[in-house]
Structures are given as C-alpha cells and as structure tokens.
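Dear colleague,

I am handing over the structure we spoke of, with the sequence and coordinates placed just below. Please look through them before reading my notes.

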Amino acid sequence: MNGIKNTIENPAGLPAGPEENWKPIPGFPGYLASDLGQLRGRKGGILAQQIDEHGYHRITLRDARGRSRTRFVHNVILEAFVSLRPAKLDGCHNDGDQDNNALTNLRWDTRSANTYDKVRHGTHNYGSRNRCDWGHEYTEFNTQMAKVSGGSGRRYRRCRACNAAGATVWYAGKHGEQLDFQQVADGKFETFRAEHEARLREDAQQLAEGQKRQAVAA
Ligand SMILES: [Zn+2]
C-alpha cells in the first residue's frame with residue numbers, strides 16, 4: 001500500500017477491518033472517492049466537506065478544464081463506484097441519513113423514492129424521528145451512533161438494520177445477485193429484535209436463579 005491509512009470509524013459497518021477502497025472521480029482528474037464516503041484532493045489530502053442547508057454533504061472540485069464545480073458527495077461516490085448518474089435518477093441514502101455516504105448506503109433511484117423531497121418538506125429532524133425511512137423503529141437494539149466521515153467529529157444516529165442490509169445487498173450485488181433492500185432490512189430488524197429478546201430472557205433467568213440461590217443460602 002502507499003501508506004494511506006483509514007483512521008476514521010468505519011461508517012458502513014463493513015466486515016474485515018480497516019479496508020477503504022479509493023477510485024478516481026469521473027470528470028475530475030486527480031481526485032479520489034472512497035467507499036466509506038471520503039474524498040481526496042489532487043495533493044492526496046482528505047477534503048473537508050461542506051454541509052448544505054438540507055444537511056447534504058457537498059464538495060467543490062475542479063474539472064478537467066480547471067472550472068470550479070460543486071457536487072453532492074453522495075453523487076460523486078456513486079459515479080466513482082457504480083455508474084455515471086442515470087437520466088432522471090438521484091443519488092439516495094438507504095437509511096435516510098445524509099451523513100452516511102458509505103457506498104453500501106447509496107443507490108441511484110427515482111426522485112419519488114428520494115429522501116431529498118422529505119427533507120425539503122421539513123421532515124429532516126432526525127433527532128425527533130422514531131423510524132428510519134424504511135420504517136424501522138429506532139429502538140435500543142436498532143440504533144447505532146456513528147461518526148461523520150471527514151474528521152469533523154460530528155456523530156449521527158443510524159438504523160442498524162438498514163446499515164447491515166446495505167452491506168449484505170452490496171456484497172450480493174458484487175456477486176451478481178440482486179436482493180430486495182426492504183426485504184433484507186426487515187429481516188435484519190427481526191433478527192436483531194429476536195437477539196435482543198433472547199438476551200433479555202437470559203438476563204431475567206440469571207436474575208431469577210441468583211435469587212433462588214440466595215434464598216437457599218439464607
Ligand atoms: Zn431502517
């Protein structure tokens with residue numbers, strides 16, 4: 001490797017440790033985008049991202065002719081790793097968190113499916129929402145806190161089920177298998193719920209056994 005180390009928390013929750021992949025950004029020679037949502041400039045440094053009034057990350061890059069262009073970070077990542085932006089499609093965040101620009105959380109989709117509309121209509125107060133965009137409750141077992149990429153130290157809440165599903169769907173896609181995101185994410189949610197309930201039952205059982213032992217000893 002060339003000494004580039006990933007020092008941020010892995011926002012995609014990808015398995016297998018500190019692996020961060022970088023690809024050139026079409027139309028912007030010298031820049032790189034990573035599958036964890038970061039961008040590198042022409043001198044190799046991590047670029048600071050701006051956040052617009054809707055909460056979307058934006059970046060200003062110079063194109064091949066030296067003109068300054070401002071782009072959505074999520075679109076830049078999709079263009080580097082998936083394809084150029086298809087006509088009439090927008091870059092969308094699977095879990096509705098604009099701060100989560102990991103490739104596994106992004107897809108090209110129709111505007112009607114895009115959280116951008118919801119955000120424009122003022123429902124982007126994630127702190128008070130109790131469900132993600134795919135309908136999963138932000139319960140104790142389904143909520144993760146993650147760091148915004150780029151080193152700002154900002155933290156955000158994300159749906160654990162959608163995050164796990166993003167990785168599953170993306171890996172399946174790499175092997176030519178198309179999975180339904182909603183279905184996979186709903187399945188993850190139910191698995192996490194079952195695990196959580198099993199843990200609660202186990203705790204209750206241990207507590208009861210402890211009390212029994214104490215009663216016998218007394
Ligand atoms: Zn979700």
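This is a predicted model: local features need pLDDT of at least 70, side-chain atom pairs count only at pLDDT 80 or more; totals for chains, interfaces and linings use all residues.

The protein has 218 residues, of which 31% count as buried; among the contacts between residues at least 6 apart in sequence, 51% join residues at least 24 apart.

I looked in some detail at helix H3, residues 160-174, whose 15 residues should span 21 Å at 1.5 Å a residue, and whose end C-alpha atoms are 22 Å apart, which agrees. The buried residues of H3 are Arg160, Ala161, Cys162, Asn163, Ala164, Ala165, Gly166, Val169 and Trp170, and these buried residues pack against strand S9 (143-147), strand S10 (155-159) and helix H4 (181-217). Just after H3, Gly176 takes a positive phi of about 80°.

The loop between helix H2 (115-120) and S9 holds Glu137, which counts as partly exposed because 15 C-beta neighbours lie inside 10 Å, whereas a buried residue would need 20 or more. Neighbours within four places in sequence aside, Glu137 is in contact with Asn130, Arg131 and Asn142. Between Glu137 and Ala161, which are 24 residues apart in sequence, the C-alpha to C-alpha distance is 9.6 Å.

Terms used
Residues are numbered from 1 along each chain as its sequence is written. Helices (H or I, at least four residues) and strands (E, at least two) are DSSP runs, numbered from the N terminus. The expected span of a helix is 1.5 Å times one less than its number of residues. A residue is buried if 20 or more other C-beta atoms lie within 10 Å of its own, exposed if 12 or fewer, and partly exposed in between; C-beta atoms are placed from the backbone. Two residues are in contact if their C-beta atoms, placed from the backbone, lie within 7 Å.
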